[in-house]
Every structure is written in C-alpha cells, then in structure tokens.
Amino acid sequence: MRPKPLISLAIFALWLFTLPRIALAQAAPRSSLDVVLALDNSGSMKKNDPNSLMRQAVSEFASRLAPDSRMGIVLFDQSVRGVLDLLPAGDVTFHSRVDESLRLLDYRGQLTDIPGGVERAIYALRQSTRPSAQRVIVLFTDGIVETGNPAKDVERSRWLRENLAADAKRLGIRVFGIAFTETADFQLMQSLAEATDGEYFRVLSAPDIPPTFAKISARLRDLGSGPLPPPPPPPLWQRLLRWPYLLGAGAVVALFFVLALLVGRRRTAASLRPSILAHLRDMGGYAGAEILPLDKLVTRIGRDEGGNDIVIAQDTVSTKHAVIEFRDGAFHLRDLRSSNGSFLNGKQFSEPNDVREVVLKHGDKLRFDAFEFEFVEDALEGVQQTRLADDAAVGAGFGVGAGGTHLRGGPPPVAVDPGQPPYGPMADPPATIHKPPEPQPGAGADGPATRLKPDMCPHHPAWKATELCPVCGIPKCKSCMTQKDGKPICNKCVAEQAA
C-alpha cells in the first residue's frame, strides 16, 4: 500500500475516534440555577425603601427564572429565618408562595446579622443540591454587620469574609452582592463577590432596586444557559494506577524522602534545643506532673491541650496564657494578654493591654493566675537557691535583695562593708576586671559547695560573664545587667542605689 493511502487511513481513524466526543460536546446539557435571596429586613430599610420597591423587584426577578430553576428566600435582621425553601419556578404554586413570603418583608427588624443570612443561604444550597445546577446567593443590605455587640460584630465580619466566603467558593456558590445606600458596607459586598467569582453592585436610591435585579437576572440567564462545568479529573491515585511501574518508583522515592526528612528534623530539633536545660516545678499539682521540662525554643502554657506544651486545666487560666522562650542564652517569660495575668515572684509584670516579658533566673516563682511554679535550671538544682531578702528589690523586678544570695549547703553570706569596694560608691570604674577569688587548695567537704570558674557569672555559675558593670567592676552575665540613664549597670548596683 502506498504512503498516501496510509496517511488518509490514519486521518479517517482519528476522525472516527473524535466523532463521539464532538457529538457529546454538542449535545452537552445546559445547567439550571438554584438561587437563594438573602434580604435585609432591618428597620433602616423602611426609611430607605418607603414604597417597598424591594418586593416588586424580587417578584419580577422570580418571574424571569426558567421553569427548571429553583429559588429560596432568607430574611435577616436581629434573627435569621428562611421564609421560602428552594422551590422550582415551574411549580404551579411558585408565584403565590413567593408573594406570601414577601409579605414577611416588613422592615421591622432591629439589627443586621449579615453573616447569619449568608450562612443560612449556604446551608440551604448545600442541603438541596443538584449536579446540573449553578448555585447563586443574591445578598441585599443597606447597612453593616450589627449584632448589638461591637466586639462580636468585628468577629462575625471576619468569619463572613474568611470562613463563609471560603465555604461558598469550595461549594461552587457565587455571591451577587448589592450595597444599598451610602451607609452599606460596599467593601464587604465587593470582597464576597470577588472571593466567589460573583459580582457586586452599588444602589444609591430605591428606584434603582428593580433595574439592578433585572441586571442580575440577565447575568444569571447567561450563567444558566452555558454548558455544565467540566467534570473534575479522576483522583490522582486512579491516574497513577495507569502507570504501575511509575507508581512503584514514586513510592520508593517518597519513602527515601520521608526517611531523610525525619532524620533531618531530628537533627535540626537537637541543634535548636536550649543550651541551658531547665524545667518548671509544679508547686501544687496543677499540670499533672511535678517536673515540666523546658527543652524547646518556645514552650506554650495555657488551659487547652491543643497548641500548649504545659496544660493548666483551670477555668481562670486563659486558653493561650503565656510562653517561655529561650533566646540570647536565657529564658524569657511573656504573658499573652491573659485574662487574669502572669506573676513573677508575687508581682504582676504585665497588663492585658501592656505586653511585656521578663528574664527568668534560677529559683524564680512564677504564677499563672493563682497557680504557682518554680523555675529551675537543671545545672543549679540542689546546688544553690536564690533568697529574696529585700521585698523592695523584688518589687523593682531585680530579684536580688540587699542580702544577695545564699548558697544552699555552702557557707553563710559574708558581711560586706557598704562603704568599701566593690559594693560601695566608687569615684571611677576600676582599671582592671575584678575576678572572683580562686578556691583555696584543699577545699573539699569543709570548703565551698561549688567552685566558680573565672569566666563564669558569680550569681549564675552556669552562665558566662560577658558583661562588666562599670560601678562595681564585677563581670556578670546578661541576665544580671540592665540599663539606667542609658548606661549599662548590674541589677545589684541598681538595687543598692535605690536603697
């Protein structure tokens, strides 16, 4: 057989293969409409629509629907109620039931629960769906979201924009929004329409209501006369089953990828663990365990189990009460605008509108409302404990009193002449760094309980002394330092100057 007949045969076979698809495309069924009208019935509508042109507009809108379309009506003011379930326009009782429902549109409501009206309309379309129907909500209002509670209004507006709009988009529901008068929330109508592939309109006077509904009818007529949307593609697993070898190779690659990801996460988590290990000691058995480790960069504390690392299941503890964050070599406690506050050594350090954080030291007493815990550095547990000897210094937030600290198991604190360095007033900072005294030879059971290295903080033996106080000349860690008059100074010197 010559090449030219072969080419002709191939073209003919291709035409036979595509002929059924062409026929199906030409005979594709047209989609019908399921429409729910969500109408504002608040008292302000009586002033803005004194002649009830809304009823006329809705009645004419219903008369333009194709017989296979369905329509429902939802009214909203301070409450939400469905006055007409989805009913086919070809039903013999359709127009009489529409008119009966519109008699309930009396503009006597007090408030404007727009989110409630949209939610009820979405529910009606979700419960009464037809595979061949295009689903639409026509939303009409002359106001803003108003439930009588300003805080609730903000929350419900966010719920409408984010959650309900996403639900409508997922269900294939288009929102046609009409903002009536200048006082209506036009931006809300615009955002809903754009999020759901619908349209939005602004109507400034009542005589413009019927023409606007006529425009929407034309848009819906075009929407309903188009072919059905293409069916969704088959699930990915069905497509992959057509290629069993590719599926098997993909499974092997995915397995190796998951294993590598798990190993990488473990290594990353290990590298991000705090270099100073610490824990909270539960003083009253509130969190279900006496020792609560702080082995993460951020430890969340609150009432609910979801999202919290330390759970205090008490009604007066907020859902997300506080966090302890390891940063810059120290643990920082921050209150999350809790209802009943967080406390450090008996003093509340932040208010609901003033979020602050404090640096924790070994032995600090933390309270979340009335539930107390102790902050313990693992390296210092059983070695030393801070004794707050001056309540004024504690109230100032320094955590070190005039008596300093006492080492548990070691010698009592040595009395220091306040007029002599390094604690007394100094004319000039020392020229050289003062280092802690080296332990005497032979110190053991009769000597000090701990041996302090020269480069370690005298108040926090587990932390390096990276800062130098210009007043007392003693090197200390960052947690011991603060700022006064724009200059660095240690907490102990500030407390002594305040005394």
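In this predicted model, helix H6 (residues 150-170) packs against helix H7 (residues 186-195), with their axes coming within 9 Å and crossing at roughly 30 degrees. An angle under 35 degrees counts as roughly parallel, so H6 runs roughly parallel to H7. The crossing itself is right-handed. On the H6 side, the contact is made by Leu160, Arg161, Ala165 and Lys169, which meet Leu188, Ser191, Leu192 and Ala195 of H7. Sorted by class, that gives 5 nonpolar, 1 polar and 2 charged residues.

Further along the chain there is a sheet to look at. Strands of a sheet pair through backbone hydrogen bonds, either parallel or antiparallel. Here 5 strands line up as S10-S9-S11-S12-S15 in an open sheet with mixed pairing. Strands S10 (310-311) and S15 (357-359) sit at the edges with a single partner strand each, so one side of each has no neighbour in the sheet. Inside this order, S11 (residues 322-327) and S12 (residues 330-335) pair in the antiparallel sense, joined over 6 bridges. One of the residues involved is Ala322, whose bridge partner in S12 is Asp335.

Arg337, in the loop between S12 and strand S13 (342-344), has a phi near 55 degrees, a positive value in a residue other than glycine. Asp369, in the loop between strand S16 (365-368) and strand S17 (371-377), likewise has a positive phi, near 60 degrees, and is not a glycine either.

Conventions. Residues are numbered from 1 along each chain as its sequence is written. This is a predicted model: local features need pLDDT of at least 70, side-chain atom pairs count only at pLDDT 80 or more; totals for chains, interfaces and linings use all residues. Side-chain values use heavy atoms; hydrogens and water are left out. Two strands pair if DSSP finds at least two bridges between them. Helices (H or I, at least four residues) and strands (E, at least two) are DSSP runs, numbered from the N terminus. Axes are lines fitted to C-alpha atoms, for helices over the stretch in contact, and angles run from 0 to 180 degrees between N-to-C directions. Angles under 35 degrees count as roughly parallel, over 145 as roughly antiparallel, 65 to 115 as roughly perpendicular and the rest as oblique. A crossing is left-handed if the near helix is turned anticlockwise from the far one by less than a right angle, and right-handed if clockwise. Contact means heavy atoms within 4.5 Å. Ala, Val, Leu, Ile, Met, Phe, Trp, Tyr, Cys and Pro count as nonpolar, Asp, Glu, Lys and Arg as charged, and the others, Gly among them, as polar.
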